[in-house]
Amino acid sequence: MSSEAAADGTTEVSFRTVQVWDGKITMRVQVKGSGDPILYLHPAGGMGWDSFLDDLATDHTVYAPEFPGMTPGMPEAINHLDDVFDIVLAYDEALCALGLSGLPVIGQSFGGMVAAELAASFPARFTEVVLLDPAGLWMSTHPYALDPLAAPPDAVPAMLFHDPGCAGARAMFAPPPDPESAVDGIVQLVWAIGCAAKFMWPLPDRGLESRSSSFRVGKSRFSTRSISASPVGASLPSASWSAQSDQWRPFGIGET
Amino acid sequence: MKVTYIQQFTYRDFPDEAGDGLSESVVTPSYHELVDPQKVRGAFRNGLDEMLHAARAGFDAVAVTEHSHCTYDMSPNPDLTAAAFAYATETEGLETAITVLGRTLGKSREPLRVAEEYSVLDHISGGRLIAGFPVGLAYDANVNWGVPPIDSRARYEENLELIFRAWTERQPFAWNGKYAQHPGVNIWPRPLQGPHPPVMISSIGSPNTLRLALERDFGFNFVSIGGDPMVAAKPVFDQFWEMAAAMDLDDNPYRACFAGFVAVADTDAEAERLYGKHFEYHFGKGIGNIPFHRLVMPGQVQPAALKQMLMAGPPPPAPPPRYRDLLAGGSIIAGGPDTVREKLEHYARTFRTGNLNLFLQVGSTPHELTKSSIDLFCGKVLPKLRPIFAEYDDRNRWWPVRLGGVAPSDRQAPAGPSLRAGVVGAGR
């Protein structure tokens, strides 16, 4: 595998594939940047590069596996995974195949749930765990019922962004200029969300809270308290843990 | 021709301006703000009376449907009203079939309860049950009942298989499914009709469902929530019959059923005067007030099919429909007896459907007016529809034997010889 330097000094994305699940699933992994490896697990909408990840890639090699079923052209891969345990084992298999261990993980939204589940099952694998507005924990103070999934499309931006008029929000929902690409993009997005919903619908809680007692990357226990910072906008709060301090530290989205 | 009266338990008394509490007819309508409990009670009493009235007037069957969290059909389990109807008709000696258009199996977490309840209905009715198995609409199966949309279809298929085995296996068997596990399935009772009641699958026309109906020799009922049947239904029936021919199956019209909203008055003008506002109520506040995102959810439609849907473009924004537009657009079939007969005959012959499933209580239509529409239909329309496809009457294997049908074909029973042999552990 190699990454070629682009004209602006950043590197291009390269793709690796690994076979998991007894060869039934081909997992595609997007790789970008140079430096120490870092694992990034994407949200329910699928894998996409943004300025946050590009910045990260300037001094890290970012490994971003695409969730099975969300890789274009391979939608049926989702049929092989039925529950969170399946996800954890499939990802562990993929990380072993990539030779990735002892590295930090950043998981965002649905990817935050996957990252937390992985860390709960294989605590020695990660040096740091960063969860950005993670799914997977039920907080009665912030009941979160996956509203965007069941909402009319024009109501979604206000559910995902504190300020749906901001540049980032407008960019996220801007359709591509070419109509057929726009349709392909919507199809890909809708199917990706449908795949994630298999593990989050109707409520994004599959028991992570009880499994988090085995979250012994250090001694501190991951729990709803770890992410009890004030939410930003409609999103869930975020938290990070590092082996060095063995502390969970809540933070708001602005800090990322 | 077999003609079925469909009853839904609609709340008929919303005010003209129902406000934000009724911004949609499903999932979120505000019960306490909108209803008078005595009028809910009235909807059930009137609905059950109308079912009996339709049976007495001469309909071949009476059907009920399943919808939860819903204003246009307060029917979380249609077996309840079907049971009341089954007993009442049995005591009166009415030879009317009872079609439960469906326990929705993409939603059900208790498929064995469905198998047992249908069996009970079959016994109460003395073998007059026609068993329906739809997948269920997204708002009900996925939103109300929390089934991940990507699982609806697989859950449906497993539930259907389990029900058929539970009905037809002679010995207890273990079921190790993905969604249900039972150490020993041995339901009491088994159905009265042997090997099982006739089966009808209702669908908006997904090719998967058409294929399933044909492969398993089930009846197929096309349901639409409005629109011109020549645009919405015709391609589905064309595809159905092309598929049947490609599979080398017979083209018996009793395989297929067309459903429509119907009202009959003495003249076309009188129909508009009597029923206009009630149809407008139904399409404005009831069935027509289901937003698109309640009907399709992420994961439910495969990427290729979704692309097809999106390339066809989004449905146009619909203003509150007027009676004349509904009539001209083909969403409803209303008028004097000749008008109604002519349209229904045209649809039945064009689509080659030996069954018609007709909603005659629509929206806010009051009780006495509904009965009058039923009487006019049965007196002046039904007799002229009956002879259509009569040459197939002795080959209707989608109808209870007690009522003149013939026994279902072997193909309706479960998937393979190993299942019939009672192999323990039919898992996936």
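A salt bridge is a side-chain nitrogen of Lys or Arg within 4 Å of a carboxyl oxygen of Asp or Glu. With that rule I looked up Arg352(B), which forms a salt bridge with Asp251(B), the closest N and O atoms being 3.5 Å apart. This pair links distant parts of chain B, 101 residues apart: Arg352(B) sits in the loop between helix H13 (337-351) and strand S11 (355-359), and Asp251(B) in the loop between helix H9 (234-246) and strand S9 (256-264). Helices (H or I, at least four residues) and strands (E, at least two) are DSSP runs, numbered from the N terminus.

**Ground rules**

I note that this is a predicted model, in which local features need pLDDT of at least 70 and side-chain atom pairs count only at pLDDT 80 or more, while totals for chains, interfaces and linings use all residues. Residues are numbered from 1 along each chain as its sequence is written, chains are lettered from A and ligands numbered from 1 in the order in which they are written, and side-chain values use heavy atoms, with hydrogens and water left out.

**Chain B as a whole**

I found 15 helices and 11 strands in chain B. Its radius of gyration (taken over C-alpha atoms) is set against the globule rule, 2.2 Å times the number of residues to the power 0.38. The value for chain B is 21 Å, close to the 22 Å that the rule gives for 428 residues, so chain B is as compact as a globular protein of that length. The C-alpha trace of chain B spans about 60 × 45 × 45 Å along its principal axes. Of the 428 residues of chain B, 59% count as buried, where buried means under 20% relative accessible area, exposed over 50%, and partly exposed in between (1.4 Å probe, protein chains only).

In chain A, the side chains of Lys198(A) and Asp82(A) meet in one of them (3.4 Å, N to O). Lys198(A) lies in the loop between helix H6 (179-197) and helix H7 (208-211), and Asp82(A) in the loop between strand S4 (60-65) and H2, so the pair ties together parts of chain A that are 116 residues apart in sequence. Is Lys198(A) buried or exposed? Lys198(A) is buried, with a relative accessible area of 7%, whereas Asp82(A) is partly exposed at 35%.

Back in chain B, Lys107(B) and Glu66(B) meet in a salt bridge (2.9 Å, N to O), and I found both residues buried.

**Where chain B touches chain A**

Which numbers describe the contact between the two chains? With contact meaning heavy atoms within 4.5 Å, the contact takes 21 residues from chain B and 22 residues from chain A. The buried area, which is the accessible area (1.4 Å probe) that two parts lose on being put together, summed over both, is about 1,800 Å² here, and carbon and sulfur atoms give 74% of it.

Across this interface the rule finds 3 salt bridges, including the one in which the side chains of Lys307(B) and Asp184(A) meet (2.9 Å, N to O). Helix H5 (138-144) and helix H11 (303-311) of chain B each supply at least two residues of the side that touches chain A, and the largest share of that side, 5 residues, comes from H11(B).
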